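Dear colleague,

I am handing over the structure below, and I would be glad if you could read through the notes that follow it.

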Amino acid sequence: MWPVSRKNKPKQIQPFIGNKTLLQKTYERLRKGFSVRDIFISTNYAQLPIINKQLAGLSRDHFILETAKKDTAAAIGLAAVALAKKNPQEIMMLISSDHYIKNEKEFIRISHLAERVVARNPQYSLLIGIRPSYPETGYGYIKINKVFQQLGDDEIFQVERFVEKPDLLTAKKYVKRWDYLWNSGIFCWRVDHLLNLFKKFLPNHYRILIRLQPFLGTPREKRAVAGEFKKIKPISIDYGIMEKTKKRIVIPADMDWADVGHWRTVMDILSKAGTDNVVRGRHLGHDSAGNLIYSYSGRLIATAGLRDTIIIDAEDCLLVCPKNRAQDVKKIVEQLEKKKMKKYL
């Protein structure tokens, strides 16, 4: 989501869809089905001031804070030991703050279903899979096999394997089959079981996290986390644990879900038809259609004869790319890193 998403102001705290940020939308969605006391924010100390403003009224003990970015396994592990300190048998659900979910009622229903399934099967890791509606190449997929359990009209399946992001031809094949789901990255565990998985598959993470547990929620927390987190080797929860454990189950869901990972997703969510222009800011167009045009600088953007293009005008730089190349923006970010052009990051 560059050039709007930056290191000091990432996409989760930006208002890409409407006037509220992705984080605010996620929090409000959860409040429709859960008490405030059951919602915790996993983030880092640097983002705490702005998140406090966006989620006014959420107390400090509802934040689980990192001092360094060490990928998702470390963040989720820290959340697990924090929750386990309160209740080792707590059921924990990981929900990313950069997701869009249109059918919020179904999301809440599936979330409560996941809680019931894990309560009955505490030695399993549960995932929420999304029934694919088109051949997306930017998502990972879940290959499922036989039914593990049925609760009412809902079937819970065993996970056969995870599939990396496919090419378009392969994705088209997956969409036609019943046994492939999008991997939403929404996971659910009982925390004592999750910590046992860390102990088995990521023992170094486990040792560090257990050492930190006594300090969490005390005045010595930040110093302890800073001292221990720098020792962690970054790895994702997917590679570190979920691809290694065998006891994995999944609930297929239809809730109009999207991972807001690039500008094309923003356009797909906001456009009523593929020929619409989606505009934020000042735009004057002639014979232009199917474009996403965001002006954060206040400048007028004028287009003539333009089709299926993304234009993002930030205060210090301008992004222009074809709509079908939106995922390549991350390659620009990689070049900026390589060339040490930090002012644009």
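**Notes on the model**

His-62 is placed in the loop that runs between α2 (48-54) and β2 (63-66), where helices (H or I, at least four residues) and strands (E, at least two) are DSSP runs numbered from the N terminus. With a relative accessible area of 10%, His-62 is buried; buried means under 20% relative accessible area, exposed over 50%, and partly exposed in between, for a 1.4 Å probe and protein chains only. Not counting residues up to four places away in sequence, His-62 touches Val-36, Arg-37, Ile-39, Phe-40 and Ile-41, a contact being heavy atoms within 4.5 Å.

Please keep in mind that this is a predicted model, in which local features need pLDDT of at least 70 and side-chain atom pairs count only at pLDDT 80 or more, whereas totals for chains, interfaces and linings use all residues. Residues are numbered from 1 along each chain as its sequence is written, and side-chain values use heavy atoms, with hydrogens and water left out. The protein chain has an average pLDDT (the predictor's confidence in each residue, from 0 to 100) of 94, and 99% of the residues score at least 70.

**Pocket**

Helix α10 also gives the most to the lining of the second largest pocket, with four residues, and both β10 (257-259) and α10 supply at least two residues each. A pocket here is an open set of points on a 1 Å grid over the protein atoms alone, where a 1.4 Å probe fits, with protein on both sides within 12 Å along at least five of seven lines, and lining residues have an atom within 4 Å of a point. The space in this second largest pocket is about 660 Å³, the volume being that filled by probe spheres set on the points, which are joined across faces, edges and corners. Its lining has 28 residues, of which Tyr-134, Glu-136, Arg-264, Thr-265 and Asp-268 lie nearest its centre.

**Cores**

The largest nonpolar core has 66 residues, and those touching the most other members are Leu-126, Ile-128, Ile-251, Met-255 and Trp-263; such a core is a set of buried Ala, Val, Leu, Ile, Met, Phe, Trp, Tyr and Cys residues joined through side-chain atoms within 4.5 Å. Helix α4 (residues 104-120) provides the largest share of this core, seven residues. Apart from it lies another core, of 40 residues, which includes Met-92, Phe-198, Ile-208 and Leu-209.

Ile-208 is also in contact with Lys-231, as are Asn-204 and Arg-211, once the neighbours of Lys-231 within four places in sequence are left aside. Lys-231 lies in the loop between α8 (221-229) and α9 (237-242) and is partly exposed, at 46% relative accessible area.

**Backbone points to check**

Most residues other than glycine have a negative phi, and most peptide bonds are trans. Asp-256, in the loop between β9 (248-253) and β10, has a positive phi of about 55° although it is not a glycine, and Lys-340, in the segment after α11 (329-338), has a positive phi near 60°. The peptide bond from Trp-2 to Pro-3 is cis, with omega near 10°.

With best wishes
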